[in-house]
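Have a look at it first.

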Amino acid sequence: MDLKVACWNCRGIMSAAPYLTNILSELKIDVIAIAEHWLRKSQFHFLNTVDSNYRAYGKSVDEYHPELYNCNFRGGVAF
């Protein structure tokens with residue numbers, strides 16, 4: 001059995017979700033590492049709505065400082 005793993009710096013998952021959906025289905029990826037999804041903790045659940053065959057685990061951009069609402073956050077990682 002082969003395990004297909006991918007790594008992607010998406011620079012904002014909200015606008016890149018359709019592309020992610022296509023990659024997952026066309027290439028039949030088993031595990032994908034996503035960098036710079038730019039999601040806050042309150043938005044992280046969005047990753048679980050991209051494809052029902054996958055479950056997201058990771059860190060949001062404001063994981064350690066949720067009180068900073070006015071910052072332009074970049075970052076966040078997920079599998």
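Q: Why is Arg40 called buried?
A: Buried means under 20% relative accessible area, exposed means over 50%, and partly exposed is in between (1.4 Å probe, protein chains only). Arg40 comes in at 19% relative accessibility, so Arg40 counts as buried. One caveat: this is a predicted model, where local features need pLDDT of at least 70, side-chain atom pairs count only at pLDDT 80 or more, and totals for chains, interfaces and linings use all residues. Residues are numbered from 1 along each chain as its sequence is written, and side-chain values use heavy atoms, with hydrogens and water left out.

Q: What makes Arg40 and Asp62 a salt bridge?
A: The rule asks for a side-chain nitrogen of Lys or Arg within 4 Å of a carboxyl oxygen of Asp or Glu. Here the closest N and O atoms are 4.0 Å apart, and the pair is listed as a salt bridge. Asp62 sits in the loop between strands S3 (58-59) and S4, Arg40 in the loop between S2 (31-35) and S3, 22 residues apart. A search of the whole structure turns up one salt bridge.

Q: Is Asp62 buried or exposed?
A: Asp62 has 5% relative accessibility, so Asp62 counts as buried.

Q: How do you know whether Phe79 is buried or exposed?
A: Its relative accessible area is 57%, so Phe79 is exposed. Phe79 lies in the segment after strand S4 (77-78).

Q: Which residues of H1 are buried?
A: They are Ile13, Ala16, Ala17, Leu20, Ile23 and Leu24. These pack against strand S1 (5-9) and S2.

How values were computed:
Helices (H or I, at least four residues) and strands (E, at least two) are DSSP runs, numbered from the N terminus. Contact means heavy atoms within 4.5 Å.
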